[in-house]
Each structure stands twice: as structure tokens, then as C-alpha cells.
Amino acid sequence: MTNSPRVTVKTLLSMKRRGERISMLTAYDYPTAKLLDESNIDCILVGDSLGMVIQGRTTTVPVTVEEMIYHGEMVSRATKRAMVIVDLPFPVGQLGVAHTLATAADIMKKTECHAVKLEGGHQQADTIKALVDAGIPTIAHIGLRPQSVHALGGYKVQRDADRLFEDATSAEKAGAFIVLIECVPSELASQVTKMLSVPTIGIGAGPHCDGQVLVTNDMLGWNSGYIPKFVRPFANLRVEASKAIEQYRSQVTSGEFPGSQESFE
Ligand code: KIV
């Protein structure tokens, strides 16, 4: 169990200055968040990827504010050290500054998270500024923005350098404390990282970002569906779990389970 102080915006900015890499993973429930926190992961993202990972949907678009609050609250309760960030689901960031601010504040109050993330950079500058002015640390998610998957024509690598640079610099100027870059060529992410004084966190954005994020279920091999190229399988939990479940089934069928050890006198 960790006794280190909570990771804050200041911690992450100093890590960038010192050249220390930032680790971020997703969690949607209490036990996973507890494990990540105890493993000293710096930031835990309650991503709207929960729509795909937990709910089995094909996009993140249907995820609601209530669902983000439900999962965010469990994750916050499990952590002592990690910064907890909750995604603003579609279309919260598109409904005007006042609406976004009210929703982000509601999410912060109800989940006790430490920051929010929203998709977009240049087009979101006014909203990011309003959130930051209200004391809500905000991450801008640029490059591939999964909430816009239908407009982008699929989950594709984003190669528009001008758009990426404009999104990144606008987000930093508006006050974002992290710029999260998804699915862009490594060289572009590297240029953005050098350009900004706030940290960049990459997912499918190569090795030169100030930190990395992955969906925990993907990197643990817990998902059965499509696994993107940028995921490294650090474990294969699905195979392990499947073996255990098969053993259980077979021992229940044969009468081997439960034995005397698992029974009461
Ligand atoms: O929703 C999410 O989990 C994310 C990460 C994949 C960056 O946005």
C-alpha cells in the first residue's frame, strides 16, 4: 500500500520539467483502480471507453454523464495516490461553455475526481479556459477523437500536422494541464511534445510523449475483441481466467468441488 502524497497538476508539470515519464491507465471499477493505485500508476482515467470495454458497444458515443459518475465515484473511492480523471462523454463538450462547465462541476462534486478530460483542442479553447478558470483541471484529447469517429470515418491514424499543432497549442494556451494525443505518427507527437511546456500523454502516438496511457483491459489481455496495434499485451488474463473457469465447471460437474475444505462441519 502506498503512502506517497497525491499526484497533482504540479507533480505532473514537475515530472515533465525533470524528464520523468508519466504513467496513466484506465479503470472503471473499485478493484481495478485499487490495483493501479497500489502499483503507483500516476493517473487513472475513467475513460468513456467504458462504453466499449465494459458495455460492449461499438463506440463511446452512447455513454452518459450518469454512467461516468457511477464509474468515476467507484474509482475515486479506491485511490489514495493517483490523480483520478473523468471523461466528459459525448456531447457534453459540444453543448456550449455554460452547459459543459455545469456538467464538469457536477461530475467533480459527485465523483470527487481531480480533473476532467474533453475531446478537442482549438475548437474547445473557450470551454477549456472556462473550466480552468473555475478551478477544474482539464485535459485536452487531440489527434484521434473517438467521440467523432463517425465524422472521422473510423478509428484511423490522424496525419494532419497543422490541425494537430493548432489543437495542441490552443489547448495549452487555454490552460489544459495535459494534452493527450491519440493515434498520430510518432514524429508529429514528438514535435508537439517539444512545442508544449505541459506534458503530453500518448496512446498510439509513439515513444516521445511525456507519458503513456492504455486501456487497462487491453494491456492485461482481458478483452476478447479487436486490439489496436499500439497495445502491448503485458499479460493474457483472458486465457488464465478461461482455464480457471473450465476447471471450475469440470469440478462442479464431477462433484470434486466443493470438498471438505470448502464445506462447514
Ligand atoms: O476513453 C478512454 O479510455 C480514452 C483513452 C483511450 C485515452 O480516452
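Student: How close do the axes of helix H4 and helix H5 come, and at what angle do they cross?

Tutor: The model is a predicted one, in which local features need pLDDT of at least 70, side-chain atom pairs count only at pLDDT 80 or more, and totals for chains, interfaces and linings use all residues. Residues are numbered from 1 along each chain as its sequence is written, and side-chain values use heavy atoms, with hydrogens and water left out. The axes of H4 (residues 65-78) and H5 (residues 97-111) come within 8 Å and cross at roughly 35 degrees. Here helices (H or I, at least four residues) and strands (E, at least two) are DSSP runs numbered from the N terminus. Axes are lines fitted to C-alpha atoms, for helices over the stretch in contact, with angles from 0 to 180 degrees between N-to-C directions.

Student: What makes the crossing of H4 and H5 right-handed?

Tutor: A crossing is right-handed if the near helix is turned clockwise from the far one by less than a right angle, and left-handed if anticlockwise. H4 and H5 cross in the right-handed sense.

Student: Which residues make the contact between H4 and H5?

Tutor: H4 contributes Val65, Met68, Ile69, Gly72, Glu73 and Ser76, while H5 contributes Thr103, Asp106, Ile107, Lys110 and Thr111. Contact means heavy atoms within 4.5 Å. By class, there are four nonpolar, four polar and three charged residues in the contact of H4 with H5. Nonpolar covers Ala, Val, Leu, Ile, Met, Phe, Trp, Tyr, Cys and Pro; charged covers Asp, Glu, Lys and Arg; the others, Gly among them, are polar.

Student: Why are H2 and H4 called oblique to each other?

Tutor: The axes of H2 (residues 30-38) and H4 come within 8 Å and cross at roughly 40 degrees. H2 and H4 are therefore oblique to each other. The crossing of H2 past H4 is right-handed. Tyr30, Ala33, Lys34 and Asp37 of H2 make the contact with Met74, Val75, Arg77 and Ala78 of H4. By class, these residues of H2 and H4 are five nonpolar, no polar and three charged.

Student: What volume does the largest pocket have, and which residues are the closest to its centre?

Tutor: The volume of the largest pocket is about 940 Å³. Its lining has 43 residues, with Glu182, Val215, Asp218, Pro228 and Phe230 the closest to the centre. A pocket is an open set of points on a 1 Å grid over the protein atoms alone, where a 1.4 Å probe fits, with protein on both sides within 12 Å along at least five of seven lines; lining residues have an atom within 4 Å of a point. Points are joined across faces, edges and corners, and the volume is the space filled by probe spheres set on them. Helix H3 (50-53) and strands S4 (115-119), S6 (178-182) and S8 (211-214) each supply at least two residues of the lining of the largest pocket. That lining has 22 nonpolar, 12 polar and nine charged residues.

Student: Which element gives the largest share of the lining of the second largest pocket?

Tutor: Strand S1 gives the largest share, four residues. This second largest pocket has a volume of about 440 Å³.

Student: How do you know that the bond from Phe90 to Pro91 is cis, and where is Pro91?

Tutor: The peptide bond from Phe90 to Pro91 is cis, with omega near 0 degrees. Pro91 is in the loop between strand S3 (83-87) and H5.

How values were computed. Angles under 35 degrees count as roughly parallel, over 145 as roughly antiparallel, 65 to 115 as roughly perpendicular and the rest as oblique.
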